[in-house]
Amino acid sequence: MKDSFYFNQIYDQTAQGKTSDAELMIDTSLYPLASGSVFVRKPENIFNSLPHLLRENKDYYSAVFHGNDRTFWNRDIMYESLGYDKFYSKKDYTVTEANSINYGIKDIPFFNQSIPYLVDLPEPYYAKLITLTNHFPFLLDEEDIFIGEADTEEDVVNRYITTVRYLDQSVGLFFEKLKEESMYENTVFVLVGDHYGISEKYEKGLSELLDEEINIANHMKQQQVPLIIHIPGQAGETITTQGGIIDIRPTLLHLLGISTDNRYSFGHNLFTRDHNHPVIFRDGSFLSEEYIYKNKICYRKEDGEVVNTKICEVYSDVARQELSLSDHIIFGDLLRFTAD
């Protein structure tokens with residue numbers, strides 16, 4: 001993180017689709033649906049996706065790596081629509097009872113088994129690797145516990161600490177193997193959390209862990225996800241700009257020198273993002289620099305105090321407009337009119 005661009009105010013903007021919503025935003029910079037998942041409801045749409053743009057501008061090959069069943073979240077169909085050339089799923093990995101837990105293959109063997117596939121990919125390539133272990137209900141085998149559990153009244157929160165540490169270990173080992181294969185120094189890495197770790201149901205335990213009060217300001221802060229972009233030769237920097245997962249695509253395109261003009265997306269380059277533009281969530285709530293709007297109540301961000309709702313109206317109009325436009329694009333499959 002110290003040698004990378006670290007964005008420390010990035011928010012989870014997913015809805016019912018969770019991981020699939022995050023993938024949608026990263027690849028298309030469109031908002032998720034209010035109900036269900038685009039991956040399931042509109043998988044055969046035409047998308048102006050990141051794999052398409054990278055192929056068009058830089059002749060990139062695109063691949064996804066995920067140790068789950070290829071039909072989960074309808075990925076086998078959706079990835080074709082998004083323009084991925086190859087999907088390495090559970091059938092491409094050696095998954096045993098010993099090397100899997102919870103949702104599937106553990107992160108360390110997942111990364112280890114992914115290396116040979118990465119070595120064989122045509123260059124340049126865009127590879128997306130989706131891990132599984134650091135996921136509710138945060139289960140681990142004894143040999144994979146590298147740090148003790150937390151000490152709160154919520155067992156879920158206590159276990160969460162151990163799976164986060166396990167994921168850290170797996171990423172570190174992955175980087176070591178990439179260096180051994182001489183694949184580290186010429187690669188841009190984007191590490192991002194797809195959605196919140198601890199749900200509102202267990203918020204009391206999380207507040208206990210962080211020694212924070214339970215209030216709207218802290219609740220929204222707990223919706224933040226990590227975003228780290230590592231570029232060989234670039235000095236590290238902490239970027240305090242407020243943004244969301246939907247902003248990752250235009251930020252990455254900027255770093256790769258690809259124009260984001262006329263891309264029909266709702267994200268913003270995080271290096272130049274307008275501080276006055278709110279971070280918008282699927283339910284119509286949002287965060288501005290000074291205010292939080294949730295459940296039709298306007299709060300002062302600094303202390304969570306309720307203020308006059310009219311203060312938030314200008315941002316509410318922006319949120320409604322963007323969500324409506326995104327829905328029109330998705331439900332009407334409107335990007336088909338932009339295809340060659």
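Predicted model: local features only at pLDDT ≥ 70, side-chain atom pairs only at ≥ 80, totals over all residues.

Student: How many disulfides turn up in the whole structure?

Tutor: The search finds 1 disulfide. C298 and C312 are the partners, with an S to S distance of 1.9 Å.

Student: Where do C298 and C312 sit?

Tutor: C298 is in strand β15, while C312 is in the loop between β16 (306-307) and α10 (313-331), so the pair ties together parts that are 14 residues apart in sequence.

Student: Is that disulfide right-handed or left-handed?

Tutor: Right-handed, because the torsion about the S-S bond is about 65°.

Student: And are C298 and C312 buried or exposed?

Tutor: Both C298 and C312 are buried.

Student: OK, strands. What does β15 pair with?

Tutor: Strand β15 (residues 297-300) runs antiparallel to β14, and 4 bridges join them. In that pairing, C298 of β15 stands opposite Y293.

Student: What's in the turn between β14 and β15?

Tutor: That hairpin has 2 residues between the strands, and N295 takes a positive phi near 55°.

Student: Which other strand does β14 pair with?

Tutor: β13 (residues 286-287), again in the antiparallel sense, over 2 bridges. One of the details there is that L287 has I292 in β14 as its bridge partner. β13 and β14 also form a hairpin, with 3 residues between them.

Student: Which way do the side chains of β14 point?

Tutor: Y291 and Y293 point one way, I292 and K294 the other, and all of them are buried.

Student: Switching to charges. How many salt bridges does the search find?

Tutor: The whole structure has 15 salt bridges. As background, side chains of opposite charge can pair when their charged atoms come close.

Student: What does R273 pair with?

Tutor: R273 meets D247 in a salt bridge, at 3.1 Å from N to O. R273 is in the loop between α9 (248-255) and β12 (279-280), and D247 is in the loop between β11 (243-244) and α9, so this pair ties together parts that are 26 residues apart in sequence.

Student: Are R273 and D247 buried or exposed?

Tutor: R273 is buried, with a relative accessible area of 7%. D247 counts as buried too, at 1%.

Student: What about K91?

Tutor: K91 forms a salt bridge with D92, and the closest N and O atoms are 3.5 Å apart. K91 is exposed at 58% relative accessible area, whereas D92 is buried at 17%.

Student: And R300?

Tutor: The side chain of R300 meets that of D303 at 3.0 Å, N to O. R300 is partly exposed, with a relative accessible area of 33%, and D303 is partly exposed at 36%.

Student: Which residues are linked in a network of salt bridges?

Tutor: E23, D27, R75 and K128 are linked that way.

Student: New topic: what does the T28 side chain touch?

Tutor: T28 lies in helix α1 (residues 19-28). A polar atom of the T28 side chain lies 2.7 Å from the backbone oxygen of L24, and the side chain also reaches the backbone nitrogen of L30 at 3.2 Å. T28 counts as buried, at 3% relative accessibility.

Student: Last one: which residues make the nonpolar surface patch of about 170 Å²?

Tutor: V188, V190 and V192 make that patch. V188 is in the loop between α6 (155-180) and β8 (189-192), and at 37% relative accessibility V188 counts as partly exposed.

Conventions:
Residues numbered from 1 in each chain as written. Heavy atoms only, no water. Patch = residues over 30% accessible without salt bridge, like charges linked within 9 Å, V, L, I, M, F, W, Y side chains within 5 Å. Areas by Shrake-Rupley, 256 points an atom, 1.4 Å probe, with all protein chains shown as cover. Salt bridge = Lys/Arg side-chain N within 4 Å of Asp/Glu carboxyl O. Buried < 20%, exposed > 50% of the residue type's maximum accessible area, 1.4 Å probe, protein only. Pairing = 2+ DSSP bridges. Disulfide = S-S within 2.5 Å. Polar contact = N/O pair within 3.5 Å; in protein donor to acceptor, adjacent residues only side chain to side chain.
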